[in-house]
Structures are given as structure tokens and as C-alpha cells.
Amino acid sequence: MKQFVMDGWITNGRIDRRQTATGKQVVSFGLNSPSPRKNQAGEWESVPQFFDCEYWGRSDRDFRCDLVRPGARLVIAGEPKYDEWQAQDGSKRSKVVFSVRDMWTVESGQQGWQRQQQPQAESVYEEDIPF
């Protein structure tokens with residue numbers, strides 16, 4: 001499957017957080033990635049495009065899951081995934097979900113996209129341990 005990168009804003013709608021039986025975090029969210037186009041007057045305008053996204057955390061404390069919050073500006077990398085299921089009325093349903101492999105955030109005031117660094121773990125060693 002071909003991977004690609006997309007930027008946009010987390011919509012204020014649905015953000016669903018859950019954990020698997022093994023404790024890994026899963027976050028599903030909507031992303032608005034506007035596309036520019038010329039209107040009938042010849043002026044550029046931004047046309048909203050909404051994508052369903054899903055991120056499966058790599059551990060039970062994956063810091064990327066905390067990046068997903070209403071209004072956050074993100075860059076996400078991943079691939080499209082085709083989901084199929086049967087609805088309660090017996091009809092078949094399907095949709096394309098963007099399966100996120102990695103994500104970065106842009107905080108207000110930053111110039112350009114900057115990758116969010118993973119927080120540094122505290123050292124478990126003390127300097128005054130005698131040997």
C-alpha cells in the first residue's frame with residue numbers, strides 16, 4: 001500500500017479513545033485537510049476535505065495519542081485502509097480510513113512544520129551510587 005503525508009486540523013466532532021485487550025491505545029478522529037481551488041470569480045478559496053483517521057499506539061503510553069485534541073493542527077503519515085462491515089439492518093457498509101503511522105503537531109506561533117519530539121524518560125540511575 002502506498003504511504004503518503006497529509007496536513008490539517010482535528011475537527012471538533014468525534015474523537016474516540018479506547019484501549020485494546022493488551023493495553024495499547026487506539027485513537028480515531030476526523031481531520032480536515034482543506035484543498036485550495038479557484039472559484040467562479042477567479043479567486044483562490046479553501047475547500048474543506050474531511051478524512052476519518054485511526055492511530056494505533058505503539059504502547060500503552062504512546063505520547064502521539066495525546067496530540068489528538070479538538071482544533072490541533074497535525075501532519076500525519078500513513079496509508080489508506082478499506083473497512084467493510086455489516087450494519088444492524090443487514091446491509092453491507094464500507095469506507096476508507098486513513099491508517100496513521102506517525103504524526104507531528106504544529107503549535108501556534110511556529111513557522112512551518114516541526115516534528116514533536118518524544119518526551120525524554122527520567123533517568124533511573126543516581127549519580128552518587130558507590131561502586
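The questions and answers below concern a predicted model of one chain.

Local features need pLDDT of at least 70 and side-chain atom pairs count only at pLDDT 80 or more, while totals for chains, interfaces and linings use all residues. Residues are numbered from 1 along each chain as its sequence is written, and side-chain values use heavy atoms, with hydrogens and water left out.

Reader: How many helices and strands are in the chain?
Author: Helices (H or I, at least four residues) and strands (E, at least two) are DSSP runs, numbered from the N terminus. Along the sequence the pattern reads β-β-β-β-β-β-β. The chain has zero helices and seven strands.

Reader: In what order do five strands close into a barrel?
Author: Strands of a sheet pair through backbone hydrogen bonds, either parallel or antiparallel. Two strands count as paired here if DSSP finds at least two bridges between them. The pairing is mixed, and the five strands close into a barrel in the order 1-2-5-7-6; the twist averages 45° from one strand to the next.

Reader: How many bridges join strand 1 to strand 2?
Author: Strand 1 and strand 2 form a hairpin with five residues between them, and Gly 23 in the turn has a positive phi of about 95°. Gln 19 stands opposite Gln 25 in strand 2, and Arg 18 stands opposite Val 26. Strand 2 covers residues 25-32, runs antiparallel to strand 1, and the bridges joining the two number seven.

Reader: Which residue in strand 6 is the bridge partner of Trp 9?
Author: Strand 1 (residues 4-19) and strand 6 (residues 73-86) run antiparallel and are joined by six bridges. The partner of Trp 9 in strand 6 is Arg 73.

Reader: What percentage of the residues count as buried?
Author: Buried means under 20% relative accessible area, exposed over 50%, and partly exposed in between (1.4 Å probe, protein chains only). Areas come from the Shrake-Rupley method with a 1.4 Å probe, and for residues only the protein chains shown count as cover. The accessible surface of the chain is about 9,700 Å², of which 48% belongs to carbon and sulfur atoms. Of the 131 residues, the buried share is 31%.

Reader: Which residues have the most contacts inside the largest nonpolar core?
Author: A nonpolar core is a set of buried Ala, Val, Leu, Ile, Met, Phe, Trp, Tyr and Cys residues joined through side-chain atoms within 4.5 Å. The largest one has 16 residues, and those with the most contacts inside it are Phe 29, Ile 76, Val 100 and Met 103. The elements giving two or more residues to this core are strand 1, strand 2, strand 5, strand 6 and strand 7.

Reader: Is Val 68 buried or exposed?
Author: Val 68 is found in the loop between strand 5 and strand 6. With contact meaning heavy atoms within 4.5 Å, and not counting residues up to four places away in sequence, Val 68 touches Ile 10, Ile 15, Arg 17, Val 27, Phe 29 and Met 103. The C-alpha atoms of Val 68 and Met 103, 35 residues apart along the chain, are separated by 9.4 Å. At 0% relative accessibility, Val 68 is buried.

Reader: How many salt bridges does the count come to?
Author: A salt bridge is a side-chain nitrogen of Lys or Arg within 4 Å of a carboxyl oxygen of Asp or Glu. One of them pairs Arg 37 with Glu 45, the closest N and O atoms being 3.2 Å apart. Arg 37 is partly exposed at 46%, and Glu 45 is partly exposed at 29%. The count of salt bridges comes to 11.

Reader: Which residue forms a salt bridge with Lys 81?
Author: The closest N and O atoms of this pair are 3.0 Å apart. The pair links distant parts of the chain, strand 6 and strand 5 (residues 50-56), 27 residues apart.

Reader: Which residue forms a salt bridge with Asp 102?
Author: Asp 102 lies in strand 7 (residues 92-106), and its partner lies in the loop between strand 5 and strand 6, 38 residues apart. Both residues are buried. With the closest N and O atoms 2.9 Å apart, the partner is Arg 64.

Notes:
Axes are lines fitted to C-alpha atoms, for helices over the stretch in contact, and angles run from 0 to 180 degrees between N-to-C directions.
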